[in-house]
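I opened my notebook to look at how two chains meet. Here is what I looked up, entry by entry.

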Amino acid sequence: MSRPYIIEAQNVSYTYPDGTTALSTVSTGIKQGEKIAVLGENGAGKTTLFLHFNGILRPASGTILFNDKTVLYDRRSLRELRSKIQIVFQDPDTQLFSARVYQDISFGALNLGLPQDEVKRRVDAALLTVDIEHLRDKVTHSLSHGEKKRVAIAGALVMNPEVLIIDEPTACVDPRHQQNLLDLFDKLNSKGTTILLSTHDVELAWQWADRLIVMHKGTIAREGDPYTIFSNEHLTQKTGLCKPLALEVFDALRQQTSIPSDAAPPRNKQTLLAMLNKKL
Amino acid sequence: MIAPDTLAYTNRLVKTHPAEKCLLAASMLCLNLATPAVMPVCCMIFCFMCCLTIFKARIPAVVYAKLLLTPLFFLCVGAGTVMIDLSADHFAFISISSQGLHTAIIIVCRGLGAVSCLLFLCLTTPVADITWLLAKLRVPGLLIELLDLTYRCIFILADSAATITTAQASRLGYATMNATNRSLGTLSAACIIRSFVNARLMQQAFDSRCGEGPMRVMHTPCPISKKNIIAVMMASIIIAACSFIG
């Protein structure tokens, strides 16, 4: 792909004040329209990398490039960067600071200095996109975790970001709402929003992502398409990833039966079942 | 028991303009504190506000009574102390003078009247509406933000305190007196640490949503009703008149 990077990290290192090295010479980037999943164990540096992408953290060494220009950390540049790159944090409670849902969602749009009518339009659109119109007059603290997560996503969407970064979107969310969230991300992506999410769920990464970034102890262990990543036994063992079930079954089938060697590996349960039905 | 805060969002008067409710509560409170005819007027105000809260806003009477208990307890303690006269002149050291009794009754009446005004406001007006009104009244933004954030964080902190307490109790943290002391100590320490962590995470989220300076949010305005304003004024005038006649 020859598309340019929207946001790119070049040899970024970062150490937290308590001495923990969170990132060491990390280089990676995100291109327009991608669906990327970042995998890695706890403490691998996923969140720290995300916080660098919208300028919350400043690299100790190395640079962050936004549309091929080095990110400057003055007020104006940060505003520009953050209006294009939005993070939805792992714990929605730290992100929702208003008493009411409608007010909280309007927060970011008002910070962009938009006129009232436009803010209203955007909040309504965000409520509709995330499918939470019934929550608009609710009190923030009375919502369930899944609902708070959706409100947090709507709060990011009102800024009309080019890139939406979501930290562990499916943690503590039930299976049905997980699927709803994934459908939402696909819908946003089809409208042109680049989506970057972090997850521990290999099945999710396998079925959803176009590209995977695997982080390990503050470095990028490997990035590439899901099939290449999960077929690399050495890599998966080192970084503590297990192979997605569909891929595992597919590999076993390929060894025993006559599946053509150029057959595409099944990305989800349905394709795998269809493949099995055809074989048996 | 349903938290008073939930009632503030679900009662029948929630859609009434906050200014009307504040005006009523404030004018009744002023009359209650200023009236020279304490007994009749304060009792009138108390009954009026009680009825409004219970019948008009449909706050369950049981909840209302329970909420009234705490201030009533403090009032009784205060009135009791005023009522008792300690002196060495009489045969008995402890006696009840008619002067003391009178002061005690005045304290209870004024106190109850004031509490009913505040309860009316708390139970019918969400905090978000009150902060909106304060902003309209040109209260400095910093104070309003503090109020808003404190309010929001109370629930987050209460949530984590409850979770920690459950975790402690399930490991027998409150089985003995000593264990209870220890658990309460670690609980408060954990809450403080958590507050700092939460504050940092919140600041990150604030920055990331382009927050700078004042915290701005949208409000969906509701219309002011002239009828209600007139009703509030009438009620105030009637009660003010009563206090002169009485």
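**Where the chains meet**

I began with polar contacts and found 9 residue pairs in polar contact between chain A and chain B, both residues at pLDDT 80 or more. A polar contact is a pair of N or O atoms within 3.5 Å; within protein, one must be able to donate a hydrogen and the other to accept it, and residues adjacent in sequence count only if both atoms are side-chain atoms.

Next I asked which elements of chain A give two or more residues to the side that touches chain B. They are α2 (75-84), β6 (85-88), α3 (92-95), α4 (101-111) and α5 (116-129). Helices (H or I, at least four residues) and strands (E, at least two) are DSSP runs, numbered from the N terminus. With 9 residues, α4(A) gives the most to that side.

A note on how to read this: the model is predicted, local features need pLDDT of at least 70, side-chain atom pairs count only at pLDDT 80 or more, and totals for chains, interfaces and linings use all residues. Residues are numbered from 1 along each chain as its sequence is written, chains are lettered from A and ligands numbered from 1 in the order in which they are written, and side-chain values use heavy atoms, with hydrogens and water left out.

**Contacts and charges**

I then looked up contact (heavy atoms within 4.5 Å): 37 residues of chain A touch 30 residues of chain B.

For salt bridges (a side-chain nitrogen of Lys or Arg within 4 Å of a carboxyl oxygen of Asp or Glu), I found 2 across the interface. One of them joins the side chains of A:Asp93 and B:Arg152, at 3.0 Å, N to O.
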